[in-house]
Amino acid sequence: MNRKKFLQSLLGASAFLTMPVSSFSKDNEDVLQLIKNTSKNTSGNMFGFKADPIKKVKVGIIGLGNRGNTLLEMFQWLTENKHAEIVALSDLQENKVIKAKEKLSKWQKAIPTTYYGKEDAWKKLAEQEDIDLILITTPWEYHTPMSIYGMKQGKHVASEVPIAYTLSDCWNLVETAEKTRKHCIMIENCCYNEEELFVLNMIENGVFGDITHTEGAYLHDLRAHMLSTDYYQDQWRLKHHINRDGNFYTTHGLGPISFYLSIGRGDTYSHLTSMSSRELNLSDTAKKMKSPYTKFKCGDMNSTLIKTEKGKTILLQFDVHTGRPYSRINKVVGTKAVHDGYPSRLYIEKGEPVFWGHKWLPKEEYDSYRTKYMHPVIKKLKAISQSFKQGHGGMDFVMIYRLIRCLNLGLPLDINVYDSVMWSAVTPLSEISVASKSLSVPFPDFTGGSWRENSSSNIMNLTE
Ligand SMILES: NC(=O)c1ccc[n+]([C@@H]2O[C@H](COP(=O)([O-])OP(=O)(O)OC[C@H]3O[C@@H](n4cnc5c(N)ncnc54)[C@H](O)[C@@H]3O)[C@@H](O)[C@H]2O)c1
């Protein structure tokens, strides 16, 4: 059944495709079958897609809050080396645009065009003729409409995470990218972190044998950020926690894991089940901080279990309410080795199984693996990234470097539109499962079956 017919056939249930899910009980079986059997209205394949090389990538940035400012700084080396130029800046608020323009003037002579003051002023940026790439660093609700409008204006688009949080938006992104033949990348920076790339490189070199299980997470105490009235613009992030329940921030843990498991490149997600704990920590802090918002639907801890078509499992967790040290877990269990993150530890199976005494590798041996399997991308960029601002311990620079250099050279991007929506779709699917007592929910196949044919070899390849 194609998507149009699906929407027409589901009067009541179509709400959950186009909106965040708050309750889900009616006609479960029919609806779940339809999620699984829905297919694209287009027939393209953007795996391995290459656009014509762009000598100097002209960039427009929409959203100049916390994230927009960090990513702007990642362009210094690229603009100074004539690989990119920031030609336009946009935000709702004039003061943010002025500050970003001042910052940019420290390393770029050319003055960007600015757009601000109206909710849709960004459309003028998307229409600006000389722009090649639009970088979207706004609140979540704008990511899909800005990406789609940008592609329709003939631009490549790179959106912050998550690129979408409804199934309908996921389908629209795939269909627009296939129709317009434009890159649509969700810029998931954790895929470019040194530890995650070290693990990926070990996996690709057979150190783990065959993988059976992985665990990832976004465990980050954001209470102070979300409850503050001047951190996120208009407290946009807190508002999602008032009305929704599920895993809202899947991609920091799931992006790297999906590369480990060759998702979209020989394997794909089959189904998930999700459960949220009760909510205590955010409301308690809200009362202490005298916030006008004190009731939250989102549980403190969401745990989602995903099974892949080839039988691997993923445990994905989400908790931004609890006071605790930051973690993305980053666990990989294979037939020959196990990795655990925070802090990074490695176990290597050596010969026969033993009754006791299984231990993580001692520091010296761990360090030798770390050196031997340092990812080529990290090795190459170490020298540059030490002399410039890097963002999040280096991964933000590596990510923007890869994005711009792949566009310069006409190479496929590391993360394509299917990766972007598959990692993001876990949010609405987890919401459906949570709303229906952890019902097993199937994944739609956004790739139209091409995950079976693709090989894993095109991720993060160095070709320069
Ligand atoms: N990958 C990461 O490590 C990471 C880190 C932080 C944030 N993020 C993501 O970045 C995005 C932005 O988060 P943030 O912390 O910068 O939030 P923020 O509130 O600081 O910034 C959002 C900016 O978007 C602007 N904006 C809102 N509506 C707009 C519109 N219609 N047109 C133009 N500008 C508009 C706001 O004025 C604000 O300046 C979110 O999607 C978040 O998930 C990612």
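**Entry 1: prolines.** I started with Pro343, which I found in the loop between β12 (337-340) and β13 (345-348). My helices (H or I, at least four residues) and strands (E, at least two) are DSSP runs, numbered from the N terminus. Tyr342 and Pro343 are joined by a cis peptide bond, with omega about 0°. I then found another cis bond, between Val161 and Pro162, where omega is about -15°. Pro162 sits in the loop between β5 (156-159) and α9.

A note on the source: this is a predicted model, in which local features need pLDDT of at least 70 and side-chain atom pairs count only at pLDDT 80 or more, while totals for chains, interfaces and linings use all residues. Residues are numbered from 1 along each chain as its sequence is written.

**Entry 2: positive phi.** I reminded myself that most residues other than glycine have a negative phi, and most peptide bonds are trans. Asp234 has a positive phi, near 55°. I located Asp234 in the loop between α11 (223-227) and α12 (236-243). Asn330 also has a positive phi near 55°, and I placed Asn330 in the loop between β10 (313-319) and β11 (331-334).

Which of these is buried and which exposed? I used C-beta atoms placed from the backbone: a residue is buried if 20 or more others lie within 10 Å of its own, exposed if 12 or fewer, and partly exposed in between. Asp234 has 10 other C-beta atoms within 10 Å, so I wrote it down as exposed. Asn330 has 24 within 10 Å, so it is buried.

**Entry 3: around the ligand.** How many residues surround the ligand? I noted 25, and the closest are Gly63, Gly65, Asn66, Arg67 and Gln233. Helix α4 gives the most, with 3 residues. I sorted the shell by class and got 9 nonpolar, 11 polar and 5 charged residues. Ala, Val, Leu, Ile, Met, Phe, Trp, Tyr, Cys and Pro count as nonpolar, Asp, Glu, Lys and Arg as charged, and the others, Gly among them, as polar.

**Entry 4: α4 with α6.** I stayed with α4 and looked at how it packs on helix α6 (residues 94-105): the angle is about 15° and the axes are 10 Å apart. Axes are lines fitted to C-alpha atoms, for helices over the stretch in contact, and angles run from 0 to 180 degrees between N-to-C directions. The angle makes α4 roughly parallel to α6. Angles under 35 degrees count as roughly parallel, over 145 as roughly antiparallel, 65 to 115 as roughly perpendicular and the rest as oblique. Gly68, Asn69 and Leu72 in α4 meet Ala100, Lys103 and Leu104 in α6. Contact here means C-beta atoms, placed from the backbone, within 7 Å. By class, this contact has 3 nonpolar, 2 polar and 1 charged residues.

**Entry 5: two partners of α18.** I checked α9 (residues 167-180) against α18: their axes come within 9 Å and cross at roughly 175°. That makes α9 roughly antiparallel to α18. Their contact divides into 10 nonpolar, 2 polar and no charged residues. Next I took α13 (residues 251-260) with α18 (residues 417-435), whose axes come within 10 Å and cross at roughly 130°. These two are therefore oblique to each other. Thr251, Leu254, Gly255 and Ser258 in α13 meet Asp419, Trp423, Ser424 and Val426 in α18. This contact has 3 nonpolar, 4 polar and 1 charged residues.

Entry 6: I found Ser270 in strand β8 (residues 269-276). Ser270 is partly exposed, with 16 other C-beta atoms within 10 Å. Ser270 and Glu309 are 39 residues apart in sequence and 5.1 Å apart in space, C-alpha to C-alpha. Not counting residues up to four places away in sequence, Ser270 touches Lys307, Thr308, Glu309 and Phe443.

My last stop was Thr38, in the loop between α3 (28-37) and β1 (57-62). Thr38 is buried, with 22 other C-beta atoms within 10 Å. Thr38 and Phe446 are 408 residues apart in sequence, and their C-alpha atoms are 9.1 Å apart in space.

Methods: Contact = placed C-beta atoms within 7 Å. Near = placed C-beta within 6 Å.
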